[in-house]
Amino acid sequence: MTHEMLKGSNVPLDAAAVRAVLRWSPGPGVPDVDASALLLGADGRVRFDEDFVFYNQPSHPSGAVRMLPKRREDDALTDTVEADLSGLEASVDQVVLAASSDGGTFAHVPDLRIVLYDAAAGEDAQALASFHVRPETGEETAMICGELYRRGEGWKFRAVAQGYPTGLLGLTTAFGISVEEDGLEEAGPEAAGAEPGTPGAEPGASGGPAALSVPVQATAPPASLDPPRPPARSPQDPARSPAESPAPVPEDATQAISAPAAAAAFPAAPPAPPLPPTAPPAYGYPHPGGAQPAYGYPGPPPAPAYGDPGGGPAYGYPHPAPQPVPAGAGAPVPDPEFRLPPMGPQFQR
């Protein structure tokens, strides 16, 4: 009798090997689903990257866990993981059974279910347990459907239904798978040599060890806010236009620079702004144009007094010595009409 499980419940397994079948209903707009398995140690993490079994690595190096081809059964598609529990190494404490969607979220995958069978009982064996996997938020692109784990000397199965919106990459890195983003490929069943939904197409059938790659959605970097800058060019670049070429600088600092070179190296300063109109001077201040100064302000030098030849020294200061006049050359002629002015009584005898 098939045991229908609820989320969080567990059931003991009496079989030495189990076949975990992931089943869903295909249709228009339904993304393809791929099963996978992770072998974990006692610390809940993978021991090495080969502990991840999926479409690009369909078999574990020990051979105890392997992928089976996808099949179509009536109105459903299936992807299967087979695990030999008795053949697992003692360091393997848990086998996580996961699913990932390609082309959409699990909200668009109807009737997703994981069913466990006894691998030694054949195709017509009755199911040991069945669990209807339902996403919680609808944004999940990877799901932990259930887990096989050791309990004493035997094994048990627990229904989990834990989702990851970050896809298979987020799920695997959470369990210690080291993935280099530079080496990631958008790998799927097509990259491994199989077509999604094609019966009998086995992942990894192209031959050779498949690379450990998981689907990643690359995002473009944000555009720069700065305007693009022109590429830097050397002064010897022949493509530089004459307007872009710098003015030659003489090797000697004291060497004169020609006028065109100096004009190119030192551009002329912008012209000075025009001066504001001058207001007329206030009352009492000197006026331009030779106008008379106001009262109390110094004016132009006075004209020489009567009898002063002008430009000579002031009264009481020595005069320059008279220059000798050659005889017969410009001798002064006495004025016959010259008369002394009348003298005062103090000078009369």
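Here are some questions and answers about this predicted model. Residues are numbered from 1 along each chain as its sequence is written, and side-chain values use heavy atoms, without hydrogens and water. Because the model is predicted, local features need pLDDT of at least 70 and side-chain atom pairs count only at pLDDT 80 or more, while totals for chains, interfaces and linings use all residues.

Q: Is S36 buried or exposed?
A: Let's start in strand 4 (residues 32–40), where S36 lies; strands are DSSP runs of E with at least two residues, numbered from the N terminus. Buried means under 20% relative accessible area, exposed over 50%, and partly exposed in between, with a 1.4 Å probe and protein chains only. S36 has a relative accessible area of 2%, so S36 is buried.

Q: Which residues is S36 in contact with, leaving aside its neighbours within four places in sequence?
A: Contact means heavy atoms within 4.5 Å. Under that rule, and with those neighbours left aside, S36 is in contact with F52, V53, F54, M67, V81, V96, L97, A98 and L168.

Q: In what order do the 6 strands of the open sheet stand?
A: Two strands pair if DSSP finds at least two bridges between them. The pairing in this sheet is mixed, and the order is 1-10-9-3-7-6. At the edges, each pairing on one side only, are strand 1 (3–5) and strand 6 (65–73).

Q: Why is the pair of F52 and F54 stacked?
A: Rings of Phe, Tyr and Trp (its six-membered ring) pair if their centres lie within 6.5 Å; planes under 30 degrees apart count as stacked, over 60 as edge-to-face and the rest as tilted. By this rule the count is 2 aromatic pairs. The rings of F52 and F54 have centres 4.3 Å apart, and the pair is stacked because their planes are at 5°.

Q: Which residues have the most contacts inside the largest nonpolar core?
A: A nonpolar core is a set of buried Ala, Val, Leu, Ile, Met, Phe, Trp, Tyr and Cys residues joined through side-chain atoms within 4.5 Å. Another core, of 16 residues, lies apart from the largest one and includes V46, F52, Y55 and L168. The largest has 40 residues, and those with the most contacts inside it are L88, L97, I114, L148 and F157.

How values were computed
Helices (H or I, at least four residues) and strands (E, at least two) are DSSP runs, numbered from the N terminus.
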